Amino acid sequence: MHPVLKLIAQRLALGILLLLAASLLIFAGTQILPGDVAQSILGQSATPEALANLRAELGLNEPAMSRYFSWLAGAIQGDLGTALTNGQDITKSLGGRLKNTLFLAFWAAVVAVPLAIFLGLLAVRFRERWPDKLISAVTLASISVPEFLIGYVLMYIVGVKLGWAPTVATVYDSMSFLEKLNAIALPVAVLTMVVLAHMMRMTRAAILNVMQSAYIETAELKGLSSFQVIYRHAFPNAIAPVVNVVMLNLAYLVVGVVVVEVVFVYPGMGQYLVDHVSKRDVPVVQACGLIFAAVYIGLNMVADIVSILANPRLRHPK
Amino acid sequence: MTDALLKVKNLKIGARIYPPGEKPKDIDIVHGVSFELEKGKVLGLIGESGAGKSTIGLAAMAYGRGGVELTGGEVWVNGREILHTSRADLRHLRGLEVTYVSQSAAASFNPAKRIMEQVIEASVHAGKFSKKDAEGRARELFAKLGLPDPDNIGDRYPHQVSGGQLQRCMTALALCPEPDLVVFDEPTTALDVTTQIDVLMAIKEAIRDTGVGALYITHDLAVVAQVSDEIMVLRMGDMVEHGTTDQIINNPREDYTRDLVSVRSKQHEGQAPTDNPILRVENVTARYKGTNFDVLHNVVMELHPGQTLAVVGESGSGKSTTARVITGLLPPREGKITFDGRELSADLNGRTREDLRELQMIYQMADVAMNPRQTVGTIIGRPLEFYFGMKGAEKRKRIVELLDEIELGEGFIDRYPAELSGGQKQRVCIARALAAKPKVIICDEVTSALDPLVADDILKLLENLQKIEDVAYLFITHDLATVSAIADSIAVMYQGKVVRYGPKAEVLSPPFDDYTDLLLSSVPEMRLGWLEEVIANRKMESAGN
């Protein structure tokens, strides 16, 4: 077997193992949470009989191990159970939310990733001169301000004062594509500002590291211009670290948007999770946790695989 | 101006250095060097490290490496001054009119791109050739430089060809745009001596056939004597002597040049082996963890008290692996190590402190073998504490004694490694090894990273210390000149086997086995026409077979 295929198969297997471990942690974590689901559903005035009945109905009297395995078996088949609070099928209501979150994350990534890499290349080209310092200062400032504050400031200036974009990012299925894009303009801007600095600085550092190599000198002595040297010779060798940080930030865009979704009243996973945590709706929390874990592990696995594929020594063995 | 290809007038080069804990300061690297090079001629620039040879070579492309700045003087290429020209003009000059071959092709090729793409990049980028023409030209050059499978080798990635092949690819890269001048910066220094000779011949023929002018930079006078028409000797940024190759080699005017010419003449009279070897390597077969092939096969050698056994071979021949087995870092699969009559534990953890003390090591890279944050006194004092429990005045007295033995003296006791030159660092490492009062010291390529004159001094020092301390050396090297300068016995290694072994006089006299013959005949000799002679002899032999 080609060594690259073997490495990729190993990564995949490792990813699945990691996901299983994560599912175990999520389940265990929700088990040791204080409080009782039946109690919180029925309220303080519940009779002991009613509580016992509900517990039996919910399967809470079963041993934890067997509950874990039946939950896992369901999850593998796409059945995440029903929400305790409203009895709805979790897979179905989560599906729509996940779609919205991915929609938001996707457009934020489409803006942020190329911009970050371009700014990184630019910073290297003009390193230690004013464009580099300006880029660093602006991106660092934007990552240092809490995202909810950026959100409200943008809302006030762009939404209220200038009236360029709606301040509430709620999207409905009935909206057209362009209407949706318009609705999410502000949250996309906030997310971009949050993830930009990290990716841009990593791109800059990775390329600067490569710029020390002897083959960069060779390229310079071939009479290439600075930007050609960076783009054609340095960047291909900096792909692995750049992809890693890009994937970490993509994962953050999916998993970490809770605050932004709440600020902009966006119907995504984050809001859904926050709602149900406050209602102690354990199956929903577990389902969200599992999906977040899967996204995180999946994206990092992609980063690993891209790094493997970016290495010519692995791609073309002797 | 004149029609000289390259004209350098009173070139001054400086750099800003950042000494730790001090303010940055500006230093001069080259103080006013002038020379001219005609079309199609080869000028050898020779000198020790720090002489400014590479810096001058790169100045022919108006390029300063790192913080280097071209501070004064003029450089004319093809009749125009290039130090004050426009960026666009410089880009045309670099890569088209003047090209560069670096010491390490392995580092100078971009690992992420195919060889062909990199070889033709400069010509295609500047629009000198179409992609197709440039590829055709590159294939011709690959063939001319003796690369295997010239039609397809360009499709490979740099890591897929050997070091010697890559160095030829680099030469092809430099010749592809039909430049007027090529700067060769130590192009064969990183190669094994048996590979060097072929690359040298390939470069020489390519220069002759394409009629290109060249600056050939090296620290090895014997090498430069084979390829250049003229030689310029540099020392610490100044020109020492400039003349025809014949004059420099056979009739040097300056003392420094004479030293360089005679540097390899040190000889050592080999002693006969004794009855009781101090160290015996008995039928050792070894492999690295996680691999399924042996890197050492049945290695046998003996080292006698107070003598030197030289282990020679090219990279990958198993010299250093043998040292790892002897020191216990790599337990052998079969065979054993006997030391002073007793069998040593195969594994380092099984050895007593006395075993460790009696067998010391000195490494090639003296600067990475020392803790940069410890003073020379601490470095040498450590084995004194560790093995003999010395403290205070007693320890200091012994450290000073050792510093005197390595000809540095007490003044060095509080210095840090960064304040020492390469040769001084290696001396400190020698003192550290001696501090343990060992019976055997393994010297792993201890002179390879040093300039010839400095290396010569280190060899003399080692020889003196051997007499004083009665210590035996296992001397690992790829350099045969070093071997004859120090060895009593020699083991020639090739592909993990000892192919020839015995007292020096025996090993170095005919009849030779094929490999030893190849190795010995590949060592550059300091006379004109040596290269052609060897190549002609080899052709005759292979025709005769």
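**Figure 1. B:Glu314 in its loop.** In this predicted model, B:Glu314 sits in the loop that links β13 (308–312) and α11 (319–327) of chain B. The residue is buried, because its relative accessible area is 17%. Beyond its neighbours within four places in sequence, B:Glu314 is in contact with B:Asp192, B:Thr194, B:Lys319 and B:Tyr515. With B:Tyr515 there is a side-chain to side-chain polar contact at 3.0 Å. B:Ala107 lies 207 residues from B:Glu314 in sequence. In space, the two C-alpha atoms are 20 Å apart.

**Figure 2. The contact between chain A and chain B.** Chain A brings 21 residues to the contact and chain B brings 25 residues. Together the two chains bury about 2300 Å². Carbon and sulfur atoms give 55% of that area. On the chain A side, A:Glu217, A:Leu221 and A:Lys222 supply 29% of the area buried against chain B, more than any other three residues.

**Figure 3. Polar links across the contact.** Between chain A and chain B there are three salt bridges. One of the pairs in a salt bridge is B:Arg65 with A:Glu217, at 2.8 Å from N to O. Polar contacts between chain A and chain B number 16 residue pairs, with both residues at pLDDT 80 or more. On chain A, α10 (214–221), α11 (226–255) and α15 (312–315) each supply at least two residues of the side that touches chain B. Of these, α10(A) gives the most, with six residues. The residues on this side of chain A split into seven nonpolar, seven polar and seven charged.

Figure 4. Over all chains, the count of disulfides is zero. B:Cys429 is in no disulfide, and its nearest cysteine sulfur, that of B:Cys443, is 11 Å away. B:Cys429 counts as buried, because its relative accessibility is 3%. B:Cys443 is likewise in no disulfide, with the sulfur of B:Cys429 as its nearest cysteine sulfur. B:Cys443 also counts as buried, at 0% relative accessibility.

**Figure 5. The salt bridge of B:Arg342 and B:Asp355.** These two side chains meet in a salt bridge, at 2.6 Å from N to O. B:Arg342 belongs to strand β15 (residues 342–343) of chain B and B:Asp355 to helix α12 (residues 353–358) of chain B, so the pair ties together parts that are 13 residues apart in sequence. B:Arg342 is partly exposed, with a relative accessible area of 30%. B:Asp355 is buried, at 10%.

**Figure 6. The salt bridge of B:Glu401 and B:Arg398.** The side chains of B:Glu401 and B:Arg398 meet in a salt bridge, at 3.0 Å from N to O. Both residues are in helix α14 (residues 392–405) of chain B. They are three residues apart, so about one helical turn separates them. B:Glu401 counts as partly exposed, at 36% relative accessibility. B:Arg398 counts as buried, at 10%.

**Figure 7. A salt-bridge network in chain B.** Salt bridges with shared partners join B:Asp340, B:Arg342, B:Glu354, B:Asp355, B:Arg357, B:Glu358 and B:Lys439 into one network. Another salt bridge in chain B pairs the side chains of B:Glu343 and B:Lys336, at 3.9 Å from N to O. B:Lys336 counts as partly exposed, with 34% relative accessibility. Over all chains, the structure holds 42 salt bridges.

Methods
Residues are numbered from 1 along each chain as its sequence is written. Chains are lettered from A and ligands numbered from 1 in the order in which they are written. This is a predicted model: local features need pLDDT of at least 70, side-chain atom pairs count only at pLDDT 80 or more; totals for chains, interfaces and linings use all residues. Side-chain values use heavy atoms; hydrogens and water are left out. Contact means heavy atoms within 4.5 Å. Buried area is the accessible area (1.4 Å probe) that two parts lose on being put together, summed over both. A salt bridge is a side-chain nitrogen of Lys or Arg within 4 Å of a carboxyl oxygen of Asp or Glu. A polar contact is a pair of N or O atoms within 3.5 Å; within protein, one must be able to donate a hydrogen and the other to accept it, and residues adjacent in sequence count only if both atoms are side-chain atoms. Helices (H or I, at least four residues) and strands (E, at least two) are DSSP runs, numbered from the N terminus. Ala, Val, Leu, Ile, Met, Phe, Trp, Tyr, Cys and Pro count as nonpolar, Asp, Glu, Lys and Arg as charged, and the others, Gly among them, as polar. A disulfide is a pair of cysteine sulfur atoms within 2.5 Å. Buried means under 20% relative accessible area, exposed over 50%, partly exposed in between (1.4 Å probe, protein chains only).
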